Amino acid sequence: MTADSKRFHPHGKHLIAGEWVGGGETFANSPATGESDQFQSGTPAHVDRACQAAEEAFWSYAYASRETRAAFLGTIADEMEARAETITEIGTRESGLPEARLQGERGRTTGQLRLFADHIRKGAHLDRRVDGALPERQPMPRPDIRMIQRPIGPVAVFGASNFPLAFSTAGGDTAAALAAGCPVVVKGHSAHPGTGEIVAEAIHAAIQKCDIHPGVFSLIHANSREVGQTLVQHPLIKAVGFTGSLGGGRALFDLCAQRPEPIPFFGELGSVNPMFVLADAARNRGTEIGAGWAGSLTMGAGQFCTNPGIAVVAKGAEGDAFVAAAKEALEQVGPQVMLTDGIAQAYRDGKERFTGRNAVRALVSNDSEGRAAQPNLFETDADTYLQDHALGEEVFGPLGLVLRVSSGDEMQELAKGFEGQLTATLQMDEGDTDAAKALMPILERKAGRVLVNGFPTGVEVCDAMVHGGPYPASTNFGATSVGTMAIRRFLRPVSYQNLPEALLPEDLRGASA
Ligand code: NAP
């Protein structure tokens, strides 16, 4: 087989209600290697058609049995595996990510679909509550009241460029919404439309195999903001799952809030994921932690939302070993391909924000060119950081900032000054327990996940995971976009009072208090 015969040639159409739809203007993707492909750009009419079909599908899909929905999710996973090589081929070409990463991410994506299938089979998401009738109660009898969570309606999904599979077309948001019983309309990411197409093809095949209403899933490609904006404002859309930048997420969040009927916007946005290196850990293992931090910071060209962009460590000899090791390790890292030209440019701009700034010292300074990024490392003190808001903004890429503090109190003040985060990390040894205890109440107010002696890159998909946090890490601090709890975003509790058995949702029939 020649290399070209393995190449996936996308047709570039939208998948709307079971049909591949073309027409209209086109745009090209910008693969990291090889020639580009052409894609249709969606219109408000495409959005309307997809939303109408999603609403129509709701009436059967939301009322299908949990087993039907679970089998559908499992079949999507099977169909993705049947297209594994094609997904990896187009995915690596479009994103510039290595093959092994795309293969791993596919495993995570199919694993996620199957995890949600198991979750709904168990009925754990229903949060079933039954308060039986108390007809003899004085002075008033109590009616029979029972509650379960119900699907909310069609959901719009926006994926992120840095996870072309796990946070995209059939990613966590889509899996959670479909598991909940909500049809999905995906606004395809313009950085990986070909990857989106092959995954949509897998979902399409699963729809046909499982005989599900085709309106349950649509994918609309677009390289204009109009499609996404029209989608979140469409009256039939009842919630949005978004993973991406703070700027994009905030713009769409505001549109959702301004609708005549405001809807929830579940945005997972940016984070600098501070890491606190406590005194004993810095003294005993500073070199090891510094090298480990550099590895986490540069993994995947630093293009992870959980990238630990800021390290906090003591001034003086105590913290010097950590800083020296991080510097040495970062100096060994060569250029890495970034996801898009735009992200590479934003990385260069981010570095410029730090360069030449008062009291900010460059420890590793590299000029990055084209679509490649090289690591950068800066250092400053807590006061400078707290007074300069720009230093706390995420730079998406392999850029680290070390904040040097003179005391435990200053570390706590700094922790209080951070905005909402996806994660906060403590590097600690046993002798650091009291300092860690003092930081904990601050960190758990700031972050969705607090971890000890590890690095936050690598998010386990499981029941107890929270991938979210106070704004700007997410737009809804009570939610997670990873793990089974993500399904709650697309469910709404309904109480049923004194309903005869025949009128109750199937999942509430026969339940006793
Ligand atoms: P992005 O540029 O915000 O794009 C995400 C999606 O939103 C794309 O489909 C994009 O459309 C669309 N979009 C962006 N701004 C819009 C607007 N004003 N109106 C309508 N649609 C809009 O994000 P990205 O570059 O893909 O991802 C990188 C960023 O995501 C990083 O900051 C990273 O930290 C963050 N991220 C966060 C998480 C998390 O869980 N918190 C996970 C991964 C990534 P186009 O296709 O037209 O650009």
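The shell around the ligand is made up of 10 nonpolar, 11 polar and four charged residues; here Ala, Val, Leu, Ile, Met, Phe, Trp, Tyr, Cys and Pro count as nonpolar, Asp, Glu, Lys and Arg as charged, and the others, Gly among them, as polar. This is a predicted model, where local features need pLDDT of at least 70 and side-chain atom pairs count only at pLDDT 80 or more, while totals for chains, interfaces and linings use all residues. Residues are numbered from 1 along each chain as its sequence is written, and side-chain values use heavy atoms, with hydrogens and water left out.

Which residues come nearest to the ligand? Of the 25 around it, they are His 189, Ser 245, Leu 269, Glu 394 and His 467; a residue is near if one of its heavy atoms lies within 4 Å.

Now the polar contacts, meaning pairs of N or O atoms within 3.5 Å. A backbone N or O atom of Ser 161 sits 2.7 Å from a ligand oxygen, and a polar backbone atom of Gly 244 is 3.0 Å from an oxygen atom of the ligand. The side chain of Gln 229 has an N or O atom 3.3 Å from a ligand nitrogen. The protein buries 92% of the 900 Å² that the ligand exposes when taken alone, by the Shrake-Rupley method with a 1.4 Å probe.

Where does the shell come from? Helix H8 (225–233), strand S10 (239–243) and helix H9 (246–258) each give two or more residues, and H9 gives the most, with three. Helices (H or I, at least four residues) and strands (E, at least two) are DSSP runs, numbered from the N terminus.

Methods: A polar contact is a pair of N or O atoms within 3.5 Å; within protein, one must be able to donate a hydrogen and the other to accept it, and residues adjacent in sequence count only if both atoms are side-chain atoms.
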